Amino acid sequence: MTELAYDVVVIGAGPVGENVADRVVQGGLTAAIVERELVGGECSYWACMPTKALLRSGSALRAARQVPGAREAVTGDLDAAAVLARRDSFAANWRDDGQVSWLESAGIALHRGHGRLSSAKVVEVTDADGATTTLTARHAVVVATGSSSRKPDIPGLRAAAPWSSREAAAATSVPRRLAIIGGGVVATEMATAYAALGSSVTILARDGVLPSVERFAAEQVTQSLRAAGVTVHVDAEAVSVHRDDEGTVHVETTKGERVEADEVLVAIGRTPNTRDLGLDTVGLTPGDWLTVDDTMRVVDAGDWLYAAGDVNRRALLTHQGKYQARAVGDVIVARAKGEKVDDGRWGRHVATADERAVPQVVFTDPEIAAVGLTAAAAEAAGLRTRVVDYNLGAVAGAALHADDYQGQARMVVDEDRKVIVGVTFVGPDVAELIHAATVAIVGEVPLDRLWHAVPAYPTVSEVWLRLLEAYGR
């Protein structure tokens, strides 16, 4: 057994763990990172990057077909093999050499293997050969192990070898028929991608399509999916799954619908990767989400254990996890050096934006870009609000962007403070609009001042002027 000591030990080398370790080293401490799979984590190989690569080709083709002149140049459909090959390149062909090189250049020690807590500040790493290395943290251990696709207890499901989001992101061929259990972001994005690649797709959305976004945005995506040939069953819950001897998957719903497919994707949520981390050795429950304070320190676990990213369930998005990671790395350094901790609202060492300023893009056709509170969430939070809607297709920049541009914008205003607390855009290529909304919400920019942020003409961003005009100066 090998024994080593570092100032900070991070379990999980995804984007969150990498950012924690980087901030720690930049702050003058030593850091080790433990990873049992590929350095770079879920986002690099099975989520953000490869899935968006799958979606981009279809998006580009649809965009070309919406503009005369370009439309006439389009002579065929997507080349599925070329799309998958481009996806492979964005996943680095599932090799992590580049990520490992970055760790080395950043001065971060890498220990490959499965890391488990054995006591306070002690992590045991077991490698593929069974050898064990004990890592002792002088100051902190950070859990950044992320989450995995959740599989429901549907009779026959596990035996049918369903796809999770990983298999959908890394598939080597396009199934002729794809059934998707779930109606959230993963479900709708993969339905969009595989329908464009030629699959006959069926969605079984028990809780509806994209239930957490504004209804008008979800409805527009649902209509678009159906127009693309996707069969969408709303309020349909799978009650049994069976793969027959020929390989066909049969799914039956509570409504009596029967769906046949070549593959079935389960996309109904996430579960924390905490089951085999040794949490019980420090008084926590294996398999649970880790509850943290605003500096990401785990509640009821002493002053040395932190959790960042999906595993703390604050905001299951890569960019929010990286945001938390920067705060975690900096606060660990501050505490180690006896410096003042800036943990007030919007302080350097907290993740205040997790509360009401989380941006997200759903890369469906059309895209949904949203930040902050929906109208319903703002009302539930007790805010006195005014909701302003505007037809995005009526903006000059949108008309130039695509013929018959269909979209909508919504601004939710806190009437007591006269600041924006929520924005939603739905329409082609709205993803790049959302950061301006994020800045307005995080900065709590008064509407009177926002009037002076003049959008360039003719761009789709002119919608900001139109929303303010609709609100009334």
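This is a predicted model: local features need pLDDT of at least 70, side-chain atom pairs count only at pLDDT 80 or more; totals for chains, interfaces and linings use all residues.
**Stop 1: helix α3**

Select residues 48–65. This is helix α3, with 18 residues. At 1.5 Å a residue, α3 should span 26 Å, and its end C-alpha atoms are 26 Å apart, so the two values agree. Now click on R56. Here α3 bends by about 25°.

Next, colour the buried residues of α3. They are P50, T51, A53, L54, L55, S57, G58, S59 and L61. What covers them? Show α2 (41–46), α4 (80–90), α6 (165–170) and α7 (185–196), which are included in the cover. Two of these helices come next.

**Stop 2: α3 against α4**

The axes of α3 and α4 are 8 Å apart, and the packing angle is about 150°. That angle is over 145°, so α3 counts as roughly antiparallel to α4. The crossing of α3 past α4 is right-handed.

To see the contact, show side chains on both helices. On α3, pick M49, P50, A53, L54, R56 and S57. On α4, pick V83, L84, R86, R87 and F90. R56, where α3 bends, is one of the α3 residues in this contact.

**Stop 3**

**Stop 4: α1 beside α9**

Clear the view. Select residues 15–26 for helix α1 and residues 318–336 for helix α9. How do their axes run? They come within 8 Å and cross at roughly 25°. This angle is under 35°, so α1 is roughly parallel to α9. The crossing is right-handed.

P15, V16, N19, V20, R23 and V24 are the α1 side of the meeting. Their partners in α9 are T318, G321, K322, A325, R326, V328, G329, D330 and V333.

Zoom in on D330, in helix α9. Is D330 buried or exposed? Its relative accessibility is 10%, so D330 counts as buried. Beyond its neighbours within four places in sequence, D330 is in contact with R23, R348 and H349. R23 belongs to the α1 residues that meet α9.

**Stop 5: A32 in a strand**

Select residues 31–35, strand β2, and find A32 there. A32 has 0% relative accessibility, so A32 counts as buried. Which residues touch A32, leaving aside neighbours within four places in sequence? Show Y6, V8, V9, V10, A109 and H111.

Then draw a distance from A32 to A137. These residues are 105 residues apart along the chain, yet their C-alpha atoms are separated by 9.0 Å.

**Stop 6: E246 in a loop**

Finish with E246. This residue lies in the loop between β11 (238–243) and β12 (249–253). Its relative accessible area is 68%, so E246 is exposed. Draw one last distance, to W289. E246 and W289 are 43 residues apart along the chain, and their C-alpha atoms are separated by 40 Å.

How values were computed. Residues are numbered from 1 along each chain as its sequence is written. Side-chain values use heavy atoms; hydrogens and water are left out. Helices (H or I, at least four residues) and strands (E, at least two) are DSSP runs, numbered from the N terminus. The expected span of a helix is 1.5 Å times one less than its number of residues. The bend at a residue is the angle between axes fitted to the seven residues ending there and the seven starting there. Buried means under 20% relative accessible area, exposed over 50%, partly exposed in between (1.4 Å probe, protein chains only). Contact means heavy atoms within 4.5 Å. Axes are lines fitted to C-alpha atoms, for helices over the stretch in contact, and angles run from 0 to 180 degrees between N-to-C directions. Angles under 35 degrees count as roughly parallel, over 145 as roughly antiparallel, 65 to 115 as roughly perpendicular and the rest as oblique. A crossing is left-handed if the near helix is turned anticlockwise from the far one by less than a right angle, and right-handed if clockwise.
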